[in-house]
Amino acid sequence: MGNVFSQISKFGTKAVVNEYERRNVTLMNWINLILFSTLFSIFIIELILFFVDKNQMSYGSYRTILIFGIALVNLLLTRFKLIFISKISLIFLPAFIFGFLPVLFGHILDEFFFYVPLGLVALSLIPHFILSYRKERLLFFISMIYYMVVLVFVDLVMIWVDESQASIIPFIIDNLFFLKLSHIAVFVFFNLSIYYLRIQNVRYEDQLERTNNELKEKSNRIREQAEELGTQNEELKENREELQTQNEELISYQDELTANNEMLSKTFNELKDAQAKLIESEKMASLGILTAGVAHEINNPVNYIYNGVQAIEEFMEEYLQEEKRQLEPYFNAINTGVDRTVNIVKSLGRYSRREDLTKTRININQVVDDCLTMLYNQYKNRIQIHKTYGEYLPDFLANQGQIHQVLLNILLNAVHAIEGGGNIHIVTQAENNKIEISIKDDGKGIKKNDLKHIFDPFFTTKDPGEGTGLGLSISQKIVHEHGGEILCQSEVKKGTMFVIYFPIK
């Protein structure tokens with residue numbers, strides 16, 4: 001509870017900068033707290049008596065409620081920094097309610113003539129504690145006049161309202177002059193005494209403030225001397241810092257040498273990677289030139305064979321129809337072999353163009369078929385190829401040779417992953433404006449720890465001499481350059497699935 005009262009007493013103190021005024025605000029908060037807590041306690045007691053003894057609530061009770069309500073409102077006004085309004089309310093309203101509220105409703109008791117004037121004298125001391133004699137002198141004198149007027153006329157008003165309600169009124173009327181004179185004497189004595197003490201207190205505070213200023217000046221001089229000593233100390237620190245700077249320079253040189261060494265090591269590794277990729281690129285370029293030459297050389301004799309067979313068929317159709325029918329299976333076998341040779345030559349021709357960066361619109365199903373044609377000898381008689389091609393797949397813009405390289409790498413890995421017999425499932429479809437190619441095998445699979453490294457350059461799970469570890473790394477790079485994505489799922493002894501996405505536009 002003490003902490004709560006302490007916090008409430010600080011309401012509004014941050015709104016004033018002068019220490020003297022801040023103290024006045026604190027005193028005003030304490031006066032409001034005392035009025036509120038005291039009168040609220042009295043009200044609670046009267047409320048208990050009302051319910052226990054069935055005593056009727058009097059106008060004095062209503063007066064108590066109003067005054068502690070005003071005290072509460074004043075605290076709220078101070079909380080929201082309406083300090084001047086709170087002061088006016090505390091000075092003028094409680095005195096008026098205390099002196100005149102029961103009288104205005106025609107309720108007069110004998111004891112009113114004794115404690116109401118004394119209460120007004122006590123309330124008249126409030127302005128001494130909450131007003132500044134320097135800045136609020138006019139308001140202070142107005143409040144004193146106000147209390148004097150209320151003190152003089154409160155008895156007269158009670159007599160004027162109804163002389164018959166109080167038996168003491170005849171005595172008051174007979175001694176009214178001396179009674180008022182005593183009230184005024186008490187009022188003047190207390191207020192002049194408090195006023196004199198506060199004036200003396202203000203003088204002492206002024207003197208204390210001057211003393212504080214002198215002490216501040218001495219403190220400033222001491223601070224200046226301390227700063228001079230500090231300057232000398234700084235010079236010593238500078239000498240020490242020079243030594244530290246030289247030491248830090250040596251450390252910096254050492255760090256720089258370490259950084260250069262790390263940079264050289266990093267550059268060496270990058271050159272090593274670039275050299276390996278360059279070798280692979282040169283191998284691919286040489287292979288492209290070789291396959292283009294081989295395809296051209298094969299194409300000529302195949303044309304001779306094809307044209308010769310056509311000429312023989314036409315001749316026999318004209319002159320030896322019966323013999324032609326007997327030889328028809330042989331002619332069909334020759335034509336099938338020629339068609340297969342032509343398809344292989346076309347596939348080699350498309351594959352040989354993969355170093356050309358020109359992009360054209362290609363059909364993914366045709367690319368898959370070309371790759372299967374080139375790998376036929378790798379999987380024939382042991383692996384079943386299951387193709388599920390999407391119908392009416394749109395062509396998309398890509399470098400045909402590079403897409404051949406990607407699919408050839410993945411299909412070749414799938415073939416190598418199957419030991420003995422097995423199956424490869426190939427699915428193509430168009431979805432969400434993307435071409436999707438799924439290649440799934442039922443081979444030996446990839447270990448979980450190795451799966452996150454399969455796209456790293458030079459990483460391979462094959463035996464030494466069987467792979468460079470660049471196939472999937474290059475494939476991923478090509479897919480990303482085409483704005484696509486490549487994903488892999490695998491489980492040991494169950495197989496691996498690669499899914500590739502290419503944007504249609």
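Glu-431 stands opposite Lys-434 in strand β5. Strand β4 (residues 422–431) is joined to β5 by 8 bridges, and the two run antiparallel; strands count as paired if DSSP finds at least two bridges between them. Helices (H or I, at least four residues) and strands (E, at least two) are DSSP runs, numbered from the N terminus. This is a predicted model, in which local features need pLDDT of at least 70 and side-chain atom pairs count only at pLDDT 80 or more, while totals for chains, interfaces and linings use all residues. Residues are numbered from 1 along each chain as its sequence is written, and side-chain values use heavy atoms, with hydrogens and water left out.

The hairpin of β4 and β5 has 2 residues between the strands, and Asn-432 there takes a positive phi near 55 degrees. Strand β5 is also joined to strand β7 (residues 495–503) by 8 bridges, again antiparallel, and Ser-438 stands opposite Val-499 in β7. Because 6 of the 8 residues of β5 (residues 434–441) are buried, this strand is largely enclosed by the rest of the structure. Buried means under 20% relative accessible area (1.4 Å probe, protein chains only).

Attention now turns to the helices. In helix α2, the buried residues include Val-25, Met-28, Ile-31, Asn-32 and Leu-35. These residues meet Ile-83, Ser-86, Lys-87 and Leu-90 in helix α4, where contact means heavy atoms within 4.5 Å. The helices α2 and α4 (residues 83–104) pack at an angle of about 45 degrees, with their axes 11 Å apart; the axes are lines fitted to C-alpha atoms over the stretch in contact, and angles run from 0 to 180 degrees between N-to-C directions.

Conventions: Buried means under 20% relative accessible area, exposed over 50%, partly exposed in between (1.4 Å probe, protein chains only).
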